[in-house]
Amino acid sequence: MLFNKKVVVISGYSGVGKSTLIKHVLKNFNQTKLSVSCTTRTPRPGEYDGQDYYFIDKNKFKTLIANNEFIEYTECFGNYYGTLKSEINQILDNDLICILDIEFEGAYNVLVKNILGNDIDCVGILIEAPCRDDLKTRLIARGEQLSAIDARMSNKRFPENFSKMYKYKIMNNILKNAQRNIINIFKEVIG
Ligand code: 5GP
């Protein structure tokens, strides 16, 4: 079967450097676009509404759920995060490759439960960090509260072998190498 619509799911623990690598991909491949999710968390310094997320309150999020606007959503670290159907459709209808920056549960729904259907080619990239101390250092540098850091680092919801659902894995210990790896992966995905 020949797929023409493509979705790339990118996951990794908080602080692993997903956003930096995604920005690198978007800069290098103008045929890719990030699906901007909705979230109820507050923006971090340097984050912009409509670019990093649609920052909305819980009531608005619940209305979007009730109106069936999300292809998937989750509650993570006390906030809601959701992928809008309209975002994905708009990207794919413009013949662009859709990047989803979503956590493991959302990735499971897309990559294993196939919620986007059979006409869309979905592939996963897992970004890994060399060790937990490294992640903690990055989260502290980002200005996260210690309690939030502990919550973000204890993701107990997934079996240890969840990483199998990702076709590609990138170790982000040296940024230049990780950037080169993700570029090579996208070259392969784009074909
Ligand atoms: P952060 O608060 O660090 O931006 O994101 C927390 C987690 O939520 C990250 O693992 C990110 O990938 C995930 N995430 C962001 N948007 C969505 C979404 O729409 N759906 C799901 N399932 N996860 C999301």
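Arg-41 is buried, with a relative accessible area of 8%. The model described here is a predicted one, and in it the side chain of Arg-41 meets that of Glu-47 in a salt bridge, with 2.8 Å from N to O.

**The charged network**

- Glu-47, the salt-bridge partner of Arg-41, is likewise described as buried, because its relative accessible area of 17% falls under the 20% that sets the limit for that word.
- Glu-47 also meets the side chain of Arg-44 in a salt bridge, for which the N to O distance is 3.6 Å.
- Through these shared partners, Arg-41, Arg-44 and Glu-47 are joined by salt bridges into one network.
- A search of the whole structure finds two salt bridges.

- Five strands form an open sheet, in which the order is 2-7-1-8-9 and the pairing is parallel.
- The edges of this sheet are strand 2, covering residues 32–34, and strand 9, covering residues 168–171, each of which pairs on one side only.
- On average, and with direction ignored, neighbouring strands of the sheet are turned by 25 degrees against each other.
- Strand 1 (residues 5–11) and strand 7 (residues 97–101) run parallel and are joined by four bridges, and within this pairing Val-8 has Ile-99 of strand 7 as its bridge partner.
- In general, the strands of a sheet pair through backbone hydrogen bonds, and they do so either parallel or antiparallel.

**The helix across the sheet**

- Helix 1, made up of residues 18–28, lies across strand 1, strand 2, strand 7 and strand 8 (120–128), and it runs at about 170 degrees to strand 7.

**Around the ligand**

- The ligand is surrounded by 17 residues, of which the closest are Tyr-53, Glu-72, Tyr-81, Asp-101 and Glu-103.
- Asp-101 has an N or O atom in its side chain that is 2.6 Å from an oxygen atom of the ligand.
- For Glu-103, the ligand atom concerned is a nitrogen, which is 2.6 Å from an N or O atom in the side chain of this residue.

Conventions
Residues are numbered from 1 along each chain as its sequence is written. This is a predicted model: local features need pLDDT of at least 70, side-chain atom pairs count only at pLDDT 80 or more; totals for chains, interfaces and linings use all residues. Side-chain values use heavy atoms; hydrogens and water are left out. Two strands pair if DSSP finds at least two bridges between them. Helices (H or I, at least four residues) and strands (E, at least two) are DSSP runs, numbered from the N terminus. Axes are lines fitted to C-alpha atoms, for helices over the stretch in contact, and angles run from 0 to 180 degrees between N-to-C directions. Contact means heavy atoms within 4.5 Å. A salt bridge is a side-chain nitrogen of Lys or Arg within 4 Å of a carboxyl oxygen of Asp or Glu. Buried means under 20% relative accessible area, exposed over 50%, partly exposed in between (1.4 Å probe, protein chains only). A residue is near a molecule or strand if one of its heavy atoms lies within 4 Å of it. A polar contact is a pair of N or O atoms within 3.5 Å; within protein, one must be able to donate a hydrogen and the other to accept it, and residues adjacent in sequence count only if both atoms are side-chain atoms.
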